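Here are a few notes to read alongside the structure. Take them one at a time, with the model open beside you.

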Amino acid sequence: SKRDLLIFDAEENLAVALAKYTADISAKFAAERGAVTVVLSGGSLIYALRKLTEAPYLETVDWSKWHVFWVDERVVPKDHEDSNYKLALDGFLSKVPIPAGQVYAINDALSAEGAAEDYETILKQLVKNGVLAMSKTTGFPRFDLQLLGMGPDGHIASLFPGHPLVKENKKWVTHILDSPKPPPQRITFTFPVINSSAYVAMVVTGAGKAGAVQKAISDKKTSDLLPVEMAILDDGEFTWFTDKEAVSMLQN
Ligand SMILES: O=C1O[C@H](COP(=O)(O)O)[C@@H](O)[C@H](O)[C@H]1O
């Protein structure tokens, strides 16, 4: 597993580089597999994807090959202000021509537990269809690219510091009823799924996240690992996309 730390002078430059990175990975998997499985988080990540909706990528990316998933979702109606689906639809998905049937939103009519089970069933069907790859070593699905953000507390997806869900090692998708960040009811991919990915971009900007970035990037590991420190890919490339503010607490 390879890890890279990219630091940009300005968020604008980060967004430009993130678009090229995503387009290159998209071209690789479209050619190799005929499908590109892309996982989105909610939060600030969606704004950072804005350059993909402009020239040249709007025309050059083969959007027809994209299959879009969420690493986590709040259990609210799809048109609710807290919905990660709505955030991505408004800021990204409505601006690129991905076939609607290849955008896998949660079933918002179900309970959190039901929605997590339903989402895992959809993933298993896509493995059977050959759209979604499986990791030969972990036995979990292997997404081509996960585009993720991190909260100031070091949480990723809806996997929060000190929460028992960070230890889930059987389910692909699980649910949480007591998220410390509202809204409380969510579904989330588990660590084995995140860590089976081929590529992960961890997109983190702003001074408010500098403490978690410092802890995550430090060589000195303590037993109280932040969720972002538990994102260790089995066989993939993990790239931090950061700005100066986010790395302002690093020593070198
Ligand atoms: O609640 C959530 O927060 C994280 C981090 O969001 P950010 O705005 O601080 O980048 C996000 O990655 C996750 O998908 C979302 O549900």
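**Notes on a predicted model**

1. Now look at the pair E8 and E9, which is joined in the antiparallel sense over four bridges. Within it, Val173 stands opposite Phe189 of E9.

2. H5 itself covers residues 112-129, 18 residues in total, and it reaches 26 Å from first C-alpha to last, close to the 26 Å expected at 1.5 Å a residue. Which of its residues are buried? They are Ala112, Ala115, Ala116, Tyr119 and Leu123. These cover an arc of only 100 degrees around the axis, and so they lie on the same side of H5. As a general point, an α-helix has 3.6 residues a turn, so residues three or four places apart point the same way.

3. What do the buried residues of H5 pack against? Their partners are strands E6 (141-142), E8 (173-176) and E9 (186-189). On the face turned away from the buried side you will find the exposed residues Thr121, Gln125, Lys128 and Asn129. Just after the helix, Gly130 takes a positive phi of about 85 degrees.

4. Next, turn to the largest nonpolar core, which has 71 residues. Leu40, Leu147, Leu148, Ala201, Met202 and Val203 have the most contacts inside it. Strand E10 (residues 199-204) gives the most to this core, with six residues.

5. Why is E10 described as largely enclosed by the rest of the structure? Because six of its six residues are buried. Both faces are covered, with Tyr199, Ala201 and Val203 on one side and Val200, Met202 and Val204 on the other.

6. Finally, see how E10 is paired. With E7 (residues 145-149) the pairing is parallel over five bridges, and Gln146 has Val200 of E10 as its bridge partner. With E11 (residues 237-243) E10 pairs in the parallel sense over six bridges, and here Ala201 has Thr239 of E11 as its bridge partner.

Methods:
Residues are numbered from 1 along each chain as its sequence is written. This is a predicted model: local features need pLDDT of at least 70, side-chain atom pairs count only at pLDDT 80 or more; totals for chains, interfaces and linings use all residues. A nonpolar core is a set of buried Ala, Val, Leu, Ile, Met, Phe, Trp, Tyr and Cys residues joined through C-beta atoms within 7 Å. A residue is buried if 20 or more other C-beta atoms lie within 10 Å of its own, exposed if 12 or fewer, and partly exposed in between; C-beta atoms are placed from the backbone. Helices (H or I, at least four residues) and strands (E, at least two) are DSSP runs, numbered from the N terminus. The expected span of a helix is 1.5 Å times one less than its number of residues. The arc is that of the directions from the helix axis to the C-beta atoms. Two residues are in contact if their C-beta atoms, placed from the backbone, lie within 7 Å. Two strands pair if DSSP finds at least two bridges between them.
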